[in-house]
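Could you walk me through the charged side-chain pairs in this model, one selection at a time? I have the viewer open and would like to know what to click on next.

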Amino acid sequence: MNESKVFLRVNRVDTDVARQALDATVSDLHEAGSARNLARLMSSRMRPMQKGAKIAGPAVTAYCAAGDNLMMHRALYLAKAGDVLVVVCQSETSGAQWGDMAARYALRKGLAGIVVHGCVRDTDTVEALGSKVWATHVSSIHPDKHGHGSVNAPVVCDGVLVNPGDLIVADGDGVVCVSRRDAEEIVKGALARMQKEEDLALAVQRGEAVWDLSGAAASYATLGIQEIDAAFDDAA
């Protein structure tokens, strides 16, 4: 029975919000939304293939059968300029989901980047091309192209629920997903947090201590910690 579903349309996060998100870091977006779980952070396994790469854009999703990347290709074909392709393979280490030909086509279409819960290959060429890729694995393992799956339906990528059209932001720290309905609020909060940190950086340049500026000193003072004016082995 054919259980595959391919949705041809995506309700995308606002273009201006996605553009503003490029000025925010993954860390600050995570901090701005973590209290209410509005900025969902993928694990430390999800790493960039290129140093210094950064992307922000609406998610276009693909769920691929084990050892197969057919649904990735369909999603790539349907994706638009500025989109972030989010690919999940049913069996993470089976069948490379991304390589140099897909990268060339994605760049030609103007995709922002790619996030893969699974394997990517041709990494030297992909990096040289400038294709911005985050992935959990690198492997040359052969993929088939005849499996069922889904396109532009919700997926769980590296433990994070990603709905089509959600805001995806990725940088050297990893990948974060923000619901398109909450994206404007979270991006504004992240940018405000970054401005506050700029002010703190100026205070550090003036000679103030991060110990005090960060709130660590105030927190430490409430714990009743014993401080001893001696080395731990002075009595030995």
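Start by selecting Arg45, which is partly exposed, with a relative accessible area of 37%. This is a predicted model, so keep that in mind as you click along. The partners come from distant parts of the chain, 47 residues apart, with Arg45 in the loop between β2 and β3 (47–48) and Glu92 in the loop between β5 (84–89) and α4 (100–109).

Next, pick Arg40 and Asp166. Their side chains meet in a salt bridge of 3.4 Å, N to O. Because Arg40 sits in strand β2 and Asp166 in the loop between β10 (160–162) and β11 (167–171), this pair ties together parts that are 126 residues apart in sequence. Are these two buried or exposed? Arg40 is buried, with a relative accessible area of 16%, and Asp166 is buried as well, at 3%.

Arg36 belongs to the loop between α2 (26–33) and β2 (39–41), and Glu185 to helix α6 (residues 183–205), so parts 149 residues apart in sequence are tied together here. Colour by accessibility and you will find Arg36 exposed, with a relative accessible area of 54%, while Glu185 is partly exposed at 43%.

Finally, select Asp28, Arg193 and Glu197 together: salt bridges link them in a network. To carry on from there, note that the structure holds 10 salt bridges.

Methods. Residues numbered from 1 in each chain as written. Predicted model: local features only at pLDDT ≥ 70, side-chain atom pairs only at ≥ 80, totals over all residues. Heavy atoms only, no water. Salt bridge = Lys/Arg side-chain N within 4 Å of Asp/Glu carboxyl O. Helix = DSSP H or I, 4+ residues; strand = E, 2+ residues; numbered from the N terminus. Buried < 20%, exposed > 50% of the residue type's maximum accessible area, 1.4 Å probe, protein only.
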